[in-house]
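Thanks for coming, everyone. Please look at the sequence and the model together.

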Amino acid sequence: MAKLLGNLWNAVGLGGLLAIVVLWGFHGTHPGLVNGLFRFLHVLLGIMWIGLLYYFNFVQIPTMPKVPAELKPGVTKYIAPEALFWFRWAAAFTVLTGLVIAIINDYLVQALTLQEGFRVIGLGMWLALIMAFNVWFVIWPNQKKALGIVEADADTKAKAATTAMIFSRTNTVLSLPMLWCMVSQGALGGV
């Protein structure tokens, strides 16, 4: 068991295989299968995205000042760049799968234009789009400077780290109403 589950991709593959068994065993060729599959992927990717957002804000940022200087490169050279890779791609694919769901269910325009009956999900979508924009166009470019992935002097690195942190915290703030919008639309009788 340790050999099987000791490898992350074996564990992910096993989980995927079990999900397929459940999918085919309980849903077969149900007409809503594609919609359900995209909803599953949307939630899975969203958990990864927001989970990493919360990791950065609740664990990494508050802990870094306590880490001895000689150990910080372990985080800044290895852990943070890898976590940021998964963070930004989870953001991109969460948004993509969310848009596909809205297209499949024929409410993309209504939601994005905040029409009656689609305002809550539409607001959630706009918040997610703002957050994804922050990830790709503010947080990631500044983190590359702060972590030394791209060349920058000490002052630029410090400013970039602060900017990345402020926008990461902004995304933490936006994540709470965004999550409420996403879960409550369906719970309150919507899409």
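Of the 191 residues in the chain, 31% are buried. Buried here means under 20% relative accessible area, exposed means over 50%, and partly exposed is in between, with a 1.4 Å probe and protein chains only. Keep in mind that this is a predicted model: local features need pLDDT of at least 70, side-chain atom pairs count only at pLDDT 80 or more, and totals for chains, interfaces and linings use all residues. Residues are numbered from 1 along each chain as its sequence is written, and side-chain values use heavy atoms, with hydrogens and water left out.

Now the overall build. The chain has 7 helices and 0 strands. Helices (H or I, at least four residues) and strands (E, at least two) are DSSP runs, numbered from the N terminus. In sequence order the pattern reads α-α-α-α-α-α-α. The C-alpha trace spans about 55 × 50 × 25 Å along its principal axes. Accessible surface comes to about 11600 Å², and 73% of that belongs to carbon and sulfur atoms. Those areas come from the Shrake-Rupley method with a 1.4 Å probe; for residues, only the protein chains shown count as cover.

Next, contacts, meaning heavy atoms within 4.5 Å. Take the contacts in the chain with a separation of 6 or more: 67% of them are between residues 24 or more positions apart.

Let's zoom in on T97. It sits in helix 4, residues 72-104. Is T97 buried or exposed? T97 counts as buried, because its relative accessibility is 5%. Leaving out residues up to four places away in sequence, T97 touches F38, L41, H42 and L45. A polar atom of the T97 side chain also lies 3.1 Å from the backbone oxygen of T94.

On to the aromatics. A pair of rings is described by the distance of the centres and the angle of the planes. Rings of Phe, Tyr and Trp (its six-membered ring) pair if their centres lie within 6.5 Å; planes under 30 degrees apart are stacked, over 60 edge-to-face, and the rest tilted. How many aromatic pairs does a search of the whole structure find? The count is 9. One of them is W9 with W86, a tilted pair at 6.0 Å centre to centre and 35 degrees between the planes. That pair links distant parts of the chain: W9 is in helix 2 (residues 8-26), W86 is in helix 4, and they are 77 residues apart. W9 is exposed at 52% relative accessibility. W86 is partly exposed at 31%. Another tilted pair is W89 with F93, with centres 6.0 Å apart and planes at 35 degrees. Both W89 and F93 lie in helix 4, 4 residues apart, about one turn of the helix. W89 is partly exposed at 36%, and F93 is partly exposed at 40%. Ring pairs also join W9, F85 and W86 into a cluster.

Last stop, charges. The charged end of R88 sits over the ring of W140, 3.7 Å from the ring centre. The rule: NZ of Lys or CZ of Arg within 6 Å of the ring centre and within 35 degrees of the ring normal. For salt bridges, we ask for a side-chain nitrogen of Lys or Arg within 4 Å of a carboxyl oxygen of Asp or Glu. That rule gives 1 salt bridge. E116 pairs with R119, and their closest N and O atoms are 2.7 Å apart. E116 is exposed at 62%, while R119 is partly exposed at 45%.

Terms used
Polar contact = N/O pair within 3.5 Å; in protein donor to acceptor, adjacent residues only side chain to side chain.
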